[in-house]
Amino acid sequence: MTSHHRIEIENCGTHFRCPENEGVLQAMERQGRRAIPVGCRNGGCGLCLVLVTAGDFKAGPMSRRHVPCGEPAGLALACRVYPQTDLRVRLATDEDRQWSKQQCPAGRDGR
């Protein structure tokens with residue numbers, strides 16, 4: 001049986017349930033929520049970039065152009081975030097995006 005976890009979006013107070021085998025963005029859409037911007041749904045466009053501020057997740061493949069080295073800091077594309085526990089996330093800011101690019105070692109920046 002698949003575990004379901006509570007996902008809370010800090011920016012707007014929205015919350016919903018997400019199974020471990022479904023991406024956070026997909027679960028949000030399936031339940032009719034609109035808290036995270038939706039783009040390609042495939043890890044390539046970067047529109048759904050979030051910062052996971054609490055909880056554990058597994059990350060699927062993501063474009064290094066948008067998430068150069070972000071996973072250790074909690075930056076990930078919501079379409080590629082699979083919760084392992086309850087999660088609290090917020091929409092990534094321009095500062096989060098800049099920080100991730102600055103922290104990335106040479107050769108891992110997607111160029």
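Modeller: Let's start with a term we'll need: contact means heavy atoms within 4.5 Å. This is a predicted model, where local features need pLDDT of at least 70 and side-chain atom pairs count only at pLDDT 80 or more, while totals for chains, interfaces and linings use all residues. Residues are numbered from 1 along each chain as its sequence is written, and side-chain values use heavy atoms, leaving out hydrogens and water.

Biologist: Thanks! Which residues is isoleucine 36 in contact with, leaving aside its neighbours within four places in sequence?

Modeller: Isoleucine 36 meets Ile9, Val24, Leu25, Met28, Cys48, Val50, Ala78 and Leu91.

Biologist: How many residues are in the largest nonpolar core?

Modeller: A nonpolar core is a set of buried Ala, Val, Leu, Ile, Met, Phe, Trp, Tyr and Cys residues joined through side-chain atoms within 4.5 Å. Buried means under 20% relative accessible area, exposed means over 50%, and partly exposed lies in between (1.4 Å probe, protein chains only). Here the largest core has 26 residues, and Val24 and Ile36 have the most contacts inside it. The elements giving two or more residues to this core are β1, β2, α1 (24-30), β3, β5 and β7. Such labels come from DSSP runs numbered from the N terminus: helices (H or I) have at least four residues and strands (E) at least two.

Biologist: What order do the strands of the open sheet have?

Modeller: In general, strands of a sheet pair through backbone hydrogen bonds, either parallel or antiparallel. Two strands count as paired if DSSP finds at least two bridges between them. In this model, five strands form an open sheet in the order β2-β1-β7-β3-β5, with mixed pairing. Strands β2 and β5 (75-77) are at the edges with a single partner strand each, so one side of each has no neighbour in the sheet.

Biologist: How do I read the individual pairings?

Modeller: Take β1 and β7, which run parallel and are joined by three bridges; isoleucine 9 has valine 89 as its bridge partner in β7. By contrast, β3 and β7 run antiparallel, with four bridges between them, and valine 50 stands opposite leucine 91 of β7. Strand β3 (residues 49-54) is also antiparallel to β5, through three bridges. There, leucine 49 stands opposite leucine 77.

Biologist: Is histidine 5 buried or exposed?

Modeller: Histidine 5, found in strand β1, is buried, because its relative accessible area is 9%.

Biologist: Which salt bridge does arginine 30 form?

Modeller: Arginine 30 pairs with glutamate 22, their closest N and O atoms being 2.7 Å apart. Arginine 30 is exposed at 52%, whereas glutamate 22 is buried at 16%.

Terms used: Salt bridge = Lys/Arg side-chain N within 4 Å of Asp/Glu carboxyl O.
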